[in-house]
Amino acid sequence: MAHPAHYREAHPMVFVLTHWINLISMVSLAFSGFYIHYPFFSGFMGVARGMHFFFMYVLVVNLTFRIIAAFFVKSAVVNGSRQQDTDIKNWLPQEANRGQMIPWLKYYLFLKKDHPLGAKYGVLQKIAYIATVPLTYVMMWTGFSLYGPYMNHPWFESSLALVGGPMNMRIIHYFMMWVFIIFTAIHAYLANVEGFAPSRLIFAWKESEGLEFDPKTGKVVGGKGH
Amino acid sequence: MAYEENGALQSLLAARGVTRRDFLKWCGSTAALLGMAESFAPQIAAAVEGAVLQPQAPALWINGGACTGCTESMAQVDTPDVATIVLDLLSVNYFETIMMAQGEDAEAAKADLVAKGGYVCIYEGTVMTGFEGNALRVAGKPQVEELPEVFENAAAIVAVGSCAVDGGWVAANPNPAGGIGVLEFCKEHNIETPVVNLPTCPVNPEWVVAMVIDVLYLGALEDLSVLDLDEFNRPKGIFGQTIHDNCSRRGHFENGEFVTEFGSVEEAKGYCLYAVGCKGPQTFTNCPIVRWNGRASWCVESGAPCIGCGSANPLEAGGNWVDVNAPFLNRHRDIHVGDWVTQPTVVGAAVGAAAVAALAVHGVGMKAAGRMDGGAPYEEMKERDAKKGGGK
Ligand code: HEM
Ligand code: HEM
Ligand code: SF4
Ligand code: SF4
């Protein structure tokens with residue numbers, strides 16, 4: 001029993017909303033995507049495509065909004081503290097992350113007993129979260145290259161030529177779906193494996209008691225479970 | 001030039017049992033094929049008419065590594081129709097499969113015309129570069145030895161059929177014959193003769209007719225932009241939209257009514273062939289509009305999923321339609337992981353399942369390590385700080 005406290009300052013309401021929208025879009029896109037890939041029951045193609053074409057815009061607009069908001073909204077520097085800084089700083093590498101990559105790997109491979117210290121997000125977590133940004137935009141690009149109304153645009157036409165035609169583009173789009181599925185599986189697993197406090201916060205915006213951290217040094221300074 | 005009745009053409013048409021009305025109708029659909037408004041029909045009529053008065057334009061029909069399927073396809077323009085008249089406008093001096101001349105006479109006729117230049121070169125089949133060019137020998141020499149001159153001296157090259165465009169099925173993996181398309185060959189030899197690519201296996205004669213008109217009579221030779229070619233040198237009017245865009249089964253596609261098995265009730269009802277591997281969504285041709293065999297029907301209408309014979313990628317090895325679309329009854333192509341040939345679905349599901357299994361195993365470890373309830377206790381300080389001998 002040693003998890004950090006989870007305060008609302010870590011995920012202000014806007015980010016709870018963007019996370020929800022993102023989750024719903026992703027699930028809808030993956031479901032309709034599986035259906036478009038192979039219609040495993042009948043009577044749904046029109047709806048599946050409509051769903052896909054609706055949520056692809058929602059996904060991209062939501063992500064773009066999330067990125068812009070990162071420059072204007074503040075979020076907590078570390079879990080277990082209410083002290084905030086501009087959110088984008090919590091996404092980029094921070095002093096508290098320095099040198100912690102190897103300890104995190106060792107921790108998850110059971111080669112290290114103690115929980116590594118860090119900023120709001122650990123090193124691996126940051127890499128994975130940041131990676132979802134270009135991945136989503138590439139997904140958008142591959143998707144628009146397959147989308148009737150846009151596929152003849154010179155941009156998408158040349159992308160199709162680059163990957164060797166629409167069949168290959170479809171396969172890239174399809175494989176990238178699996179990348180997102182695997183990301184989400186690992187992400188949901190790691191977010192919940194040590195307790196549901198993080199999920200209570202990001203989904204229901206409910207706070208949980210826990211260890212207090214010093215935002216300057218990143219070290220434990222008290223709180224419940226100290 | 002407006003369309004006026006012309007005696008010479010009229011008698012030609014009459015001799016073939018074609019009425020003037022049929023002729024004009026044909027001009028209209030050819031206009032559409034060339035990506036023009038139907039109001040251009042009189043212009044086409046005038047062009048064809050003018051051509052009848054002119055001497056025939058010289059042409060060479062060169063066969064590379066070909067199954068002569070494209071020749072067959074052209075030969076199905078057998079009932080005397082307008083298309084034959086247009087093709088008659090070409091004086092084809094060399095056409096291996098159907099010419100009368102043989103042996104040295106034939107080769108001499110070809111050599112004469114090549115020396116003179118200015119002809120339209122229609123190339124059918126794959127350019128065979130394998131075995132030092134010995135994969136295809138013509139008149140005792142590797143064909144690739146004579147091709148540079150034949151292509152260089154031509155006024156324009158029309159590459160008919162997927163083989164001529166990018167090697168086609170002949171170039172499919174493992175491609176022992178070293179098959180490539182005309183465009184690639186020209187590029188390798190710095191030949192700048194314009195190449196018009198007309199893929200599909202075989203070529204659709206209607207497209208050849210449309211190109212002949214374009215190239216010879218609507219000024220494409222003076223101004224290539226008349227052809228409105230895409231980046232693969234295909235006329236956009238013919239290869240600009242997908243089959244899926246114009247398919248008569250598209251309503252069933254949107255309704256989610258699919259054939260999943262041949263011989264089923266769904267097949268009898270004429271449902272969409274997507275689930276049995278129809279490549280219509282990825283294939284850019286106007287087969288559903290122009291159709292085949294004298295406009296009688298076409299693949300999907302007759303019940304077969306499109307196998308994507310019109311997809312082309314002239315400058316990329318492995319871009320041929322067979323490598324891109326096989327297996328024909330699967331939605332996606334096969335992919336190669338080393339020696340392992342498999343489907344994207346299998347790879348995706350296998351990697352996804354492996355990831356989930358790894359997480360499950362990891363979860364067991366987390367449980368055993370007692371970390372499930374809040375994780376392990378936090379370290380006092382970072383390891384690197386500890387190594388430095390105490391933190392800040
Ligand atoms: C981000 C913007 C996205 C765009 C613009 C987009 C667009 C498209 C388009 C146009 C198609 C082809 C539909 C058709 O031809 O009927 C498609 C198919 C598909 N999409 Fe997306 N999509 C996006 C995101 C996603 C996401 C996030 C996923 C999954 C997580 C996904 C999974 C799929 C799958 C599996 C297919 C079927 C591919 C096939 O097997 O042929 N897409 N998408
Ligand atoms: C089963 C689904 C999911 C669960 C249970 C889940 C859970 C969580 C939790 C608990 C956090 C907070 C992490 C922390 O504060 O330590 C979080 C944040 C985040 N999640 Fe998810 N998530 C899910 C799906 C997704 C998906 C599909 C994506 C994107 C593809 C995603 C991307 C993110 C990102 C980028 C953050 C950073 C938070 C922010 O935007 O400020 N999540 N998620
Ligand atoms: S049969 Fe093929 S081209 Fe026609 S609607 Fe179905 S998938 Fe599209
Ligand atoms: S419908 Fe498809 S398989 Fe049939 S000729 Fe056209 S491109 Fe080729």
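A cavity is a set of points, on a 1 Å grid over the protein atoms alone, where a 1.4 Å probe fits but cannot get out, and its lining residues have an atom within 4 Å of a point. The views below show a predicted model, in which local features need pLDDT of at least 70 and side-chain atom pairs count only at pLDDT 80 or more, while totals for chains, interfaces and linings use all residues. Residues are numbered from 1 along each chain as its sequence is written, chains are lettered from A and ligands numbered from 1 in the order in which they are written, and side-chain values use heavy atoms, with hydrogens and water left out.

**View 1. The largest cavity and its lining in chain B.** The structure holds 1 cavity of 30 Å³ or more. The space in the largest cavity amounts to about 110 Å³, a volume being the space filled by probe spheres set on grid points that are joined across faces, edges and corners. Among the 13 lining residues, His244(B), Cys247(B), Cys272(B), Cys278(B) and Pro281(B) lie nearest the centre. Two or more lining residues come from each of α12 (243-246) and α13 (250-255) of chain B; helices are DSSP runs of H or I with at least four residues, strands are runs of E with at least two, and both are numbered from the N terminus. The lining comprises 9 nonpolar, 2 polar and 2 charged residues. In this classification Ala, Val, Leu, Ile, Met, Phe, Trp, Tyr, Cys and Pro count as nonpolar, Asp, Glu, Lys and Arg as charged, and the others, Gly among them, as polar.

**View 2. The iron site of ligand 2.** His19(A) and His187(A) coordinate the iron atom through their NE2 atoms at 1.9 to 2.0 Å; donors are N, O and S atoms within 2.8 Å of the metal (3.2 Å for Na, K and Ca), and sites may look incomplete because water is not among the atoms. The arrangement is octahedral because the 6 donor atoms subtend angles of 87 to 179 degrees; for six donors, this term requires opposite donors over 155 degrees apart and all others between 65 and 115. His19(A) belongs to helix α1 and His187(A) to helix α7 of chain A, and the two are 168 residues apart.

**View 3. The shell around ligand 2.** Ligand 2 is surrounded by 20 residues, each with a heavy atom within 4 Å of the ligand. Helix α7(A) gives the largest share of this shell, 6 residues. The shell contains 11 nonpolar, 8 polar and 1 charged residues. An N or O atom in the side chain of His11(A) lies 2.6 Å from an oxygen atom of the ligand. Polar side-chain atoms of Tyr121(A) and Gln125(A) lie 3.5 Å and 3.3 Å, respectively, from an oxygen atom of ligand 2.

**View 4. The iron site of ligand 1.** His52(A) and His173(A) coordinate this iron atom through NE2 at 2.0 Å. The site is octahedral, with angles of 86 to 179 degrees among its 6 donor atoms. His52(A) lies in helix α2 (residues 45-70) and His173(A) in helix α7 of chain A, so the pair ties together parts 121 residues apart in sequence.

**View 5. Backbone features of chain B.** Most residues other than glycine have a negative phi, and most peptide bonds are trans. A cis peptide bond, with omega about 0 degrees, joins Cys201(B) and Pro202(B). Pro202(B) is in the loop between β9 (195-198) and α10 (205-217). Asn190(B), which is not a glycine, has a positive phi of about 50 degrees.

Conventions:
A polar contact is a pair of N or O atoms within 3.5 Å; within protein, one must be able to donate a hydrogen and the other to accept it, and residues adjacent in sequence count only if both atoms are side-chain atoms. On a 1 Å grid over the protein atoms alone, a cavity is a set of points where a 1.4 Å probe fits but cannot get out, and a pocket is an open set with protein on both sides within 12 Å along at least five of seven lines; lining residues have an atom within 4 Å of a point. Four donors count as tetrahedral if all angles lie between 85 and 135 degrees; four count as square planar and six as octahedral if opposite donors are over 155 degrees apart and all others between 65 and 115; anything else is irregular.
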